[in-house]
Amino acid sequence: MILAAGVALAAVTGSMTPAPSRPKLVVVITVDQLRPDYLNRWKTQLTGGLGQLLTEGAVFTDGYQDHAITETAPGHSTILSGLWPAHTGIMRNSQGVQDSLAPLIGTSGPGASPRRFRGTTLVDWLKASDPKARALSVSRKDRGAILPIGQAKEQVYWYQSGIFTTSRYYSDTLPAWVQSFNARHLAFQAANTTWTLLLPDSAYKEEDNEPWENGGHDVVFPHRLPADSVRAAAAIIGVPAMDSLTLLFVLEGFEALRLGRKGTDILAVSLSTTDAIGHAFGPDSREIHDQVLRLDRYLAWFLKRVTDRVGRDNLVVVLTADHGVTSLPERTRAKTGAPAYRVQLDTLIGAVNHDLDRLAGAAGAAGTSREWLGFDTGMLFLQDNGRFAAVGVKTDSVLDALTTRILRVQGVARIIKPADLARADTASDPIARRWLHQLSPDAGVVLTVTLQPGSIWDPGSSLIAMHGQPSDDDAHVPIIFWGRGINRGTYAGRMNTVDIAPTLGVLLGVTPLSLIDGRARTDALAPRD
Ligand SMILES: [Zn+2]
């Protein structure tokens, strides 16, 4: 990995010649859970911003978040860092940006910062060459705003309880433009509004009334937000209006900060409603269809505002996603008869922990009821510290026995030991390759569990659709470049999200400040003027 990263760095550096001038604004749009097949499925109806990027941009059809735990935090961490989750240290959502030492400003909610993020990002590379360069990064989610720009202390805002805020990692106060946006209480005014179809009924092939959607309630249009304004400001995260609110906030910041008017600035936008609707209704629903159409129209409005202000020749836009999604298993079973399950291993692993506790008790070892083995999203953790030997148990025999039992669970496909990944054929085995890109050596992972395509880790709480597997459904994402210096066209051949930052680096004439995993995809770049 390190050798490969070094080669990539050399390749980027070697191709570098100083640019006569740089684009003035790089806009990176990450649509949470946007699957690339959506763009084909509804192509003729995409007459807005998505349609514009598809017809005028460089479209990489084999785009991947090429790592195993296809979740929001690791996905966002790859896009502008050029690094796999194995090297950003952001391996999963549950250990992403949570930080109680970085409380929010002006509201309560979980504190957040990029303290776990390792490495540098395009923002750092650009600032090293132009200290006046700035970045604004916005999302509905803290991790979607924070992780694209790594540890850079720039303008970073996300949505919490009706307002946009930041944490003390970045600032002690909210600037005037954020305060005045929040003072308009737009999210609270969404009370009692309804989400209706954008196009006539006949434009949607999907059945509206499907029993597996949204936990079985409120499954048909129109969907109405609560009449209570505080509840509406919470529920708005599940309807398309949240994306338009996010983009409106981004445009206010873009104007207030006068981004793209002097040197080169970076605008990172993460839009989260596609994820919320995809989880609730699934990737085959009428709701996700309408969400993508509305997103397309919102992006048309957003891109026009930005283009009008900075000029098309000064602008580069990238569109991608942090991960895809797997269909609801209930739907897959009903529609295709294929085996598709919600899998959970808590009971099995709990029983092993209980057995080990009993052994420890019998051996007179102090402090039983400890977690011997931990499990999260396909990763089995074991901290040995000699305590297995103290109760007369070999960890290998525990893991072998556990492997046999886990492989009997319906929906489980494979178990791979991290130690075996070094020997895996990563060209022909994408699952092994994605685990290799996923695991940092110091994470304490002793087994990885991969599910059959169509099966998902059971989130427990409700019957939602999920992502998080090293499957193509979850890992395949759109990657589109548009604007100055980009040759329009369709580009085959795998391009990973870690290749986005080095490719932008070549466009901007800046080099990575640290070793990276990605490589510049120069075939889509126009020769320098
Ligand atoms: Zn999600």
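**Strand pairing, a zinc site and a buried helix**

Let me start in the strands, where valine 138 stands opposite tyrosine 157 in E5. This is a predicted model, and I will keep to what can be computed from it. The strand that carries the pairing on one side is E4, residues 135–139, which runs parallel to E5, residues 155–160, and is joined to it by four bridges. E5 is also joined to strand E6, residues 163–165, but here the two run antiparallel, with three bridges between them, and glutamine 160 stands opposite isoleucine 163 in E6. The hairpin of E5 and E6 has two residues between the strands, and in it serine 161 takes a positive phi near 55°.

Now to the metal. The zinc ion is coordinated by two OD atoms of Asp275, by NE2 of His279 and by NE2 of His467, at 2.1 to 2.7 Å. Along the chain these donors follow the spacing D-x3-H-x187-H, and the histidine pair links distant parts of the chain, since histidine 279 lies in helix H11, residues 273–281, whereas histidine 467, 188 residues apart from it, lies in the loop between strand E16 (456–457) and helix H19 (472–475). Both histidine 279 and histidine 467 are buried. As for the geometry, the angles among the four donor atoms span 51 to 156°, and the site is irregular.

Lastly, helix H3, residues 49–56, in which Gly49, Leu50, Gly51, Leu53 and Leu54 are buried.

Key:
Residues numbered from 1 in each chain as written. Predicted model: local features only at pLDDT ≥ 70, side-chain atom pairs only at ≥ 80, totals over all residues. Heavy atoms only, no water. Donors = N, O, S within 2.8 Å, 3.2 Å for Na, K, Ca; no water. Tetrahedral: all angles 85-135°; square planar, octahedral: opposite > 155°, others 65-115°. Buried < 20%, exposed > 50% of the residue type's maximum accessible area, 1.4 Å probe, protein only. Pairing = 2+ DSSP bridges.
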